[in-house]
Amino acid sequence: MKNGQKALAPESAHEERLICGLFSRKHGAQFILSGIAHVHSTHFGKKDSCVQATKSALNTDHLPEYVWEKHNKIFTLTLKDSLSRSEVIQKVLNHPEAIGKKRMEERVSLVLEELLSNGFYHAYSNRTGKNKYQRTKAAHLTDKEALSLRFAFTEDGIFIEVTDQGGKLTFDEVASALSRCYDRGGKQIEDKESGAGLGTYLVLEAVSHLKIVVTAGVSTVVSCWISDRMASNHADSFSFNFFQKSKI
Amino acid sequence: MIPSDKFKFEVIDQGSTKKLLLKGVIDEDSTFESILKLSSPLVLNFKDITSINSCGIRSWVNFLKDLGETKVVYEECPPLIVRQLNMVPSFAGTATISSVYVSYVCDNCEAEKKILVDADKFRTKQSLQIAESFPCESCKEGEMELDSHPKQYFAFVK
């Protein structure tokens with residue numbers, strides 16, 4: 001925690017897994033590692049609209065719809081071939097509505113690459129429980145495995161959402177990956193065939209808001225909002241929300 | 001030019017040192033074996049690197065380990081490389097950073113400009129000499145403002 005900046009204590013049992021205040025992403029990762037699934041770093045404290053949305057969702061067991069998810073024009077693409085990643089990224093970057101977003105290209109490209117790669121190479125398992133698709137080869141998903149990409153452009157940022165049909169990701173995996181990466185020590189990069197283990201960390205560093213919704217065995221929905229002035233304005237403002245939904 | 005799908009480099013012989021103009025994408029398919037064979041101090045120019053992903057970062061860090069004691073200088077690092085320097089300390093290893101690009105955006109017309117900044121302007125965190133703004137040449141009305149917080153952008157400086 002930075003000097004003079006505190007995390008605000010939860011007000012009710014519902015909020016035990018929510019923390020808000022003003023802190024760095026590194027400190028946010030420490031909260032996440034301690035089991036807190038809803039981390040909001042904001043200059044506005046509990047009055048922040050995102051915090052309010054999370055709080056109301058925790059009290060009602062419904063998923064919140066954050067401001068950055070509400071758009072009239074959301075575009076959708078479906079992906080089955082991992083080799084189409086770069087083509088899809090270019091489609092988003094060169095979209096007619098992306099005018100004026102050039103300064104965000106690097107971050108948008110990185111976020112899309114990591115989210116789509118996670119979808120292709122980490123969302124599906126074979127019978128032995130290992131990743132069905134190997135990182136060293138092209139992945140060709142079946143219809144039931146196809147990834148869905150939704151994106152929208154606003155005046156001040158870009159909304160991106162990637163959905164897989166595996167529902168394999170767990171909160172503990174995310175927490176330990178973020179903790180390992182923010183330690184920035186010798187174990188920051190993993191030596192696994194499936195990847196370097198940096199993806200979620202790179203995404204959290206590049207976005208203003210990150211929301212993960214997992215329905216075990218059904219789907220993982222990762223959505224984020226990338227602010228066009230994130231670096232210069234309110235650099236410490238961000239949110240992380242992990243929701244575990246029950247299978248219907 | 002050494003042929004490769006997404007990652008390429010051009011070698012410029014500078015006597016005892018070789019300068020490599022790196023181009024394209026660094027990802028899981030990138031191999032750096034032909035650079036290892038050069039066996040001389042290297043100046044790596046990142047100006048034309050367009051993208052790097054998490055597996056590319058790992059490949060690069062392993063490449064640096066394979067270089068061992070070879071003296072390495074990074075020059076003309078664009079923001080996407082500076083981002084890696086800040087997030088993944090081993091991405092630089094023992095390399096010296098000689099220059100980086102800093103992005104500016106006009107507060108009036110949104111014009112963008114990348115300015116190359118030499119290491120003498122960011123030798124220590126305490127002595128950063130980075131202009132926070134300057135008049136926009138495009139619209140002649142606005143101010144080109146730094147597109148990042150200077151201390152965060154230069155977090156890689158020791």
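In this predicted model, 21 residues of chain A are in contact with 23 residues of chain B, where contact is counted if the C-beta atoms of two residues, placed from the backbone, lie within 7 Å. Helix α4 of chain A gives the largest share of chain A's side, five residues. Local features need pLDDT of at least 70 and side-chain atom pairs count only at pLDDT 80 or more, while totals for chains, interfaces and linings use all residues. Residues are numbered from 1 along each chain as its sequence is written, with chains lettered from A and ligands numbered from 1 in the order in which they are written.

**Where chain A meets chain B**
- Both α4 and α6 (199-206) of chain A supply at least two residues each to the side that touches chain B; helices here are DSSP runs of H or I with at least four residues, strands are E runs of at least two, and numbering starts at the N terminus.
- That side of chain A has six nonpolar, seven polar and eight charged residues, counting Ala, Val, Leu, Ile, Met, Phe, Trp, Tyr, Cys and Pro as nonpolar, Asp, Glu, Lys and Arg as charged, and the others, Gly among them, as polar.

**The sheet of chain A**
- Eight strands make an open, mixed sheet in the order β1-β2-β8-β6-β7-β5-β4-β3; two strands pair if DSSP finds at least two bridges between them.
- At the edges lie β1 (18-21) and β3 (75-79) of chain A, each pairing on one side only.
- From one strand to the next, the twist averages 10 degrees.
- Strands β6 (209-215) and β8 (238-245) of chain A pair in the parallel sense over seven bridges, and A:V213 has A:F243 in β8(A) as its bridge partner.
- Helix α4 (105-122) of chain A packs on this sheet, touching β3, β4 (147-154), β5 (157-164) and β7 (219-227), and its direction makes about 10 degrees with that of β5(A); axes are lines fitted to C-alpha atoms, for helices over the stretch in contact, and angles run from 0 to 180 degrees between N-to-C directions.

**A helix pair in chain A**
- The axes of α5 (171-183) and α6 of chain A come within 8 Å and cross at roughly 75 degrees.
- These helices, α5(A) and α6(A), are therefore roughly perpendicular to each other, a term for angles of 65 to 115 degrees.
- From α5(A), A:V174, A:A177, A:L178 and A:C181 meet A:T200, A:Y201 and A:L204 of α6(A).

**Confidence**
- The model scores ipTM 0.88 and pTM 0.90.
- Chain B averages a pLDDT of 91, with 97% of the residues at 70 or above; pLDDT is the predictor's confidence in each residue, from 0 to 100.

Terms used: Parallel < 35°, antiparallel > 145°, perpendicular 65-115°, else oblique.
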